[in-house]
Structure formats: structure tokens, C-alpha cells
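Here is a friendly briefing on the pockets and helix contacts of one structure. Please have a look at the model first.

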Amino acid sequence: GGVYGASLVEQSNIVHEATHAAKWLIYKKAGIIENDTQDEAAAYLAGTLYLMHNGGDWPPGSHLIFVAASRIARSILNKKGSIVPAHDEARLRSFVSLHPVYSNMGVVYDSTVYVARKGWFD
């Protein structure tokens, strides 16, 4: 038991999901269609930045998504106005598309099958 969000990793997961929700609301209002891997990459990076800002990191042996997110987060952590370089974004998006959770849903690098189904706020 216990309350979800007590651990730093759980808090990071909440930031991950909140990033999806915030982006969904903003992008839907603006009429922007985002790729599945862009949506997930942003959420993984946000959660990782939260984790690192609070002294944590993903454990060794984590999936390549977390390895890439950690590397990017370290490069921009506490640097106001930082922008993720395109090659880092592309690498992280590629790792998302290779993860079975997403590839089993039909997600590829430029797909929108996943985000098109996310009608939480309709």
C-alpha cells in the first residue's frame, strides 16, 4: 500500500503523465498534431529532469529510453533556456519507437496512432 507518489520514481512518473496531459490540452487547442514519439520523448525527459533535480537517476541497466533521457537531462539540467539538440531528440524518439510497449501499438518514429487515440479530454 501507501499513497502513490511517495517515492521519487513515482513522483517522476506523475510528472511524465502530467506532461502528456498538459501538452494534450495545449496542442489540441492550437490544432497541432504531434508524433507519438515526440509526445513520449517529452514526457520521459520531463520525468527524468524532475528525478535528477531531486537527486535521483534511473538505475544502471535501464531501457535505452531512460539512458538517453538521463544523458539529455544531464546536459540541460539547471541551464535556463536550454534547448534539446535535434540529434538528441531524434535518438530518444528512436528508442521510444523500439520499446515493445509502443511498437506493439503500431508506433513508429513518425506515427500518430498513439496520440490520436488519447482522447482523455474530449
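The lining of the second largest pocket divides into six nonpolar, one polar and three charged residues. Here Ala, Val, Leu, Ile, Met, Phe, Trp, Tyr, Cys and Pro count as nonpolar, Asp, Glu, Lys and Arg as charged, and the others, Gly among them, as polar. This is a predicted model, where local features need pLDDT of at least 70 and side-chain atom pairs pLDDT 80 or more, while totals for chains, interfaces and linings use all residues. Residues are numbered from 1 along each chain as its sequence is written, and side-chain values use heavy atoms, with hydrogens and water left out.

**Second largest pocket**
- About 170 Å³ of space lies in this pocket (an open set of points on a 1 Å grid over the protein atoms alone where a 1.4 Å probe fits, with protein on both sides within 12 Å along at least five of seven lines; lining residues have an atom within 4 Å of a point).
- Its lining is formed by Lys23, Tyr27, Glu34, Gln38, Ala41, Ala42, Leu45, Val84, Glu89 and Leu92.
- At least two lining residues come from each of helix 1, helix 2 (36-53) and helix 4 (86-98), and helix 2 gives the most, with four (helices are DSSP runs of H or I, at least four residues, numbered from the N terminus).

**Largest pocket**
- The largest pocket holds about 200 Å³ of space.
- Helix 1 (8-30) and helix 6 (113-117) are the elements that give two or more residues to the lining of the largest pocket, and helix 1 gives the most, with four residues.
- This lining divides into six nonpolar, two polar and four charged residues.

**Helix 2 with helix 4**
- The axes of helix 2 and helix 4 come within 9 Å and cross at roughly 105° (axes are lines fitted to C-alpha atoms over the stretch in contact, with angles from 0 to 180 degrees between N-to-C directions).
- Helix 2 and helix 4 are therefore roughly perpendicular to each other (65 to 115 degrees).
- Thr37, Gln38, Glu40, Ala41 and Tyr44 of helix 2 make the contact with Glu89, Leu92, Arg93, Val96 and Ser97 of helix 4 (heavy atoms within 4.5 Å).

**Helix 2 with helix 3**
- The axes of helix 2 and helix 3 (residues 64-76) come within 9 Å and cross at roughly 60°.

Notes: Points joined across faces, edges and corners; volume = space filled by probe spheres on them. Parallel < 35°, antiparallel > 145°, perpendicular 65-115°, else oblique.
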